[in-house]
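Keep the sequence and the model open while reading.

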Amino acid sequence: MRIIRGKYGRRRFDVPKNITARPTTDFARENLFNVLENLDDFEGKTALDLFAGTGAISYEFMSRGCSEVTAVEQAPVQANFIRSVKEKLGDETLRVIKGDVFKFIATCHRQFDFIFADPPYDHPRFEEVPTLILESAMVRKGTVVVIEHSKTRDFSTLPGFSQHRVYGSVNFSIFIVE
């Protein structure tokens, strides 16, 4: 896994073979962040990475200047990997929470500038995720929410829907909270 751009750009980390996450491809990540950079500046902003997996999205937010990044991941192997990369980078910007994303969404009252969610495509509660985030206390006017999903999902009727992007087999629905 590599960090694409920013202060940690081109740094590579070996992902443990026992990680069960499906990391967002480099191609999709690079293109998504090009889109996000056109929506808002990252410098000094806060970001939340839900279902963080390998933490690749979190590292991109950190590398590009976010002042605080929170990664929520329930699987111990993945959460430990994210922590190990944080230690190797020596960056205190990242906060790793090993826990249930649904409980986090329900109880978090901190607001973020960017929220990214990449639930397992076969998660039984996948369809709920965008609405739970958009109706949570974590968003405020202007929060950019990105949901990664398969081509079989369509979230274009939800409030704040801005655009749908496709990069290979990866789909992103982008929302801007009004």
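A disulfide is a pair of cysteine sulfur atoms within 2.5 Å. The sulfur of Cys108 lies 15 Å from the closest cysteine sulfur, that of Cys66, which is too far for a bond. The structure holds 0 disulfides, and Cys66 is accordingly in none.

This is a predicted model, in which local features need pLDDT of at least 70, side-chain atom pairs count only at pLDDT 80 or more, and totals for chains, interfaces and linings use all residues. Residues are numbered from 1 along each chain as its sequence is written, and side-chain values use heavy atoms, with hydrogens and water left out.

Burial is judged by relative accessible area: under 20% is buried, over 50% exposed, and in between partly exposed (1.4 Å probe, protein chains only). Cys66 counts as buried because its relative accessibility is 4%. Cys108, with a relative accessible area of 10%, is buried too.

Next comes strand β5, residues 144-149, where 6 of 6 residues are buried. Helices (H or I, at least four residues) and strands (E, at least two) are DSSP runs numbered from the N terminus. One side of β5 carries Val144, Val146 and Glu148, the other Val145, Ile147 and His149, and both faces are covered.

Two strands pair if DSSP finds at least two bridges between them. Strand β4 (residues 114-117) runs parallel to β5, joined by 4 bridges, and Phe116 stands opposite Val146. Strand β7 (residues 170-176) is antiparallel to β5, with 6 bridges; here Val146 stands opposite Ile174.
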